[in-house]
Amino acid sequence: MSNVNAILKKAKVSGDLSREEIAALLSITNETMLQKLYDTAYAVKAEFVGRVAYFRGLIECSNFCIKDCYYCGIRRSNQNVERFQMDEEEIFKEAMWAHEAEYGSCVIQSGERQDEAYIAMIERVVRRIAAASGGTMGITLSLGEQTEEVYRRWKDAGAHRYLLRIETTNPELYAKIHPADHSMEVRKACLESLRRTGYQVGTGVMMGLPGQTMEDLADDILFLKAIDIDMVGMGPYIPHSDTPMGQEIPAYTDAEKSAALQLGLKMIAVTRIVLRDINIAAATALQALEYTGREQGLKCGANVIMPNLTETEFRPKYQLYDNKPCTDENSAMCRGCLSGRIKGIGETIGFNERGDSLHYRKRVGE
Ligand code: SAH
Ligand code: SF4
């Protein structure tokens, strides 16, 4: 424990922690030490990015996917999903809702599609959103693996940021949770393409995967640092009953839920400590484990929240994992209840601000 105290003391002044030190922080279970870890991460957050939460309105525009990740509820082979695809007008309308609700940014996310019709539709809608918001609105895309050419087209149309999780940096674990034709090397190459294309680049991992160790997670954090990432979106793995992994390990018990939430919060805290000035999202998956999970994420070092804008009608169909929260609520309800809860923890909300990653701004010399 004194070792952990010494690491936390060091963490206040420097994020330069070793793999062993990171794994030691992630292994904390004692309540007092946990609180110290969270407080240290919060102090680092307050110093480097401030006590402001930025909203990104999340538009889950399609659940069609050409991939077959073993953990994901909308994987191609899941026959129990009713597939939907929003049209350009619907996506645009939701982005404008976010703009009028004073969210500074939106995120367009979907299953992966690489066909020209889809690529061109995204390009058109990004261009429309950029024009209608006078270029003020931050536009984030999370649309999977694409060619550098496609990333460039979307960037030229007006997108600013891109989220593509590496999921895990342990090659054996990656191979266990994906079919053989899904490649970590391709994903890394995509992250490099995104970087070359000029995006603010975000990635992240799932934690609590079967067989994943604290050392694996320490390596994940060091990977984020090594590739000099601008934004991190990561969350606990939650089983979905219609997936190969969900069938092997069934739904979490209450104790498993608490453990998964705790690990999620620890990862946010340690990532904040190591990476200092990046943007970190408090994933919706945290809220699936406990209603106030995302606010707890803010208290542990996250500074971005992605309220769901997806039409209530589509929400139950975009179930990446079981018990996804708020599937019967609409966007206005999300805005109201989230804002109240965030103010309740003493933070301000960056309404009408894009909330770009400070790390990115420093990196490009803004
Ligand atoms: N298709 C795109 C974006 C949608 S999936 C992509 O894969 O990048 C977005 C994220 O959902 C994935 O990166 C994955 O980390 C997460 N996800 C999928 N299934 C999950 C599960 N069962 N539990 C927790 N997160 C999950
Ligand atoms: Fe498709 Fe993304 Fe789910 Fe994988 S995680 S199956 S790419 S939606």
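**Aromatic pairs and charge–ring contacts**

Trp 97 is partly exposed, its relative accessible area being 29%. In this predicted model, Tyr 103 has a relative accessible area of 1% and is therefore classed as buried, the cut-off for that class being under 20%. The two residues are partners in an aromatic pair: the rings of Trp 97 and Tyr 103 lie 5.9 Å apart, centre to centre, with 80 degrees between their planes. This arrangement is edge-to-face, because planes over 60 degrees apart are assigned to that class. Trp 97 and Tyr 103 also belong to one aromatic cluster, together with Phe 55 and Phe 351.

A search of the whole structure returned seven aromatic pairs, among them the pair of Trp 97 with Tyr 103. Another edge-to-face pair is formed by Tyr 151 and Tyr 162, with a centre-to-centre distance of 4.9 Å and an angle of 70 degrees between the planes. This pair links distant parts of the chain, the two residues being eleven residues apart. Tyr 151 lies in helix H6, which covers residues 148–157, whereas Tyr 162 lies in strand S4, which covers residues 161–163. Both Tyr 151 and Tyr 162 are buried.

Charged side chains were also found over aromatic rings. The charged end of Arg 128 is placed over the ring of Phe 92, at 4.1 Å from the ring centre. In a second case, the ring of Tyr 42 has the charged end of Lys 299 over it, at 5.7 Å from the ring centre. The contact of Lys 299 with Tyr 42 therefore counts, since the limit on the distance is within 6 Å of the ring centre.

Key. Residues numbered from 1 in each chain as written. Chains lettered and ligands numbered in written order. Heavy atoms only, no water. Phe/Tyr/Trp six-rings, centres within 6.5 Å; stacked < 30°, edge-to-face > 60°. Buried < 20%, exposed > 50% of the residue type's maximum accessible area, 1.4 Å probe, protein only. Helix = DSSP H or I, 4+ residues; strand = E, 2+ residues; numbered from the N terminus. Lys NZ or Arg CZ within 6 Å of the ring centre and 35° of its normal.
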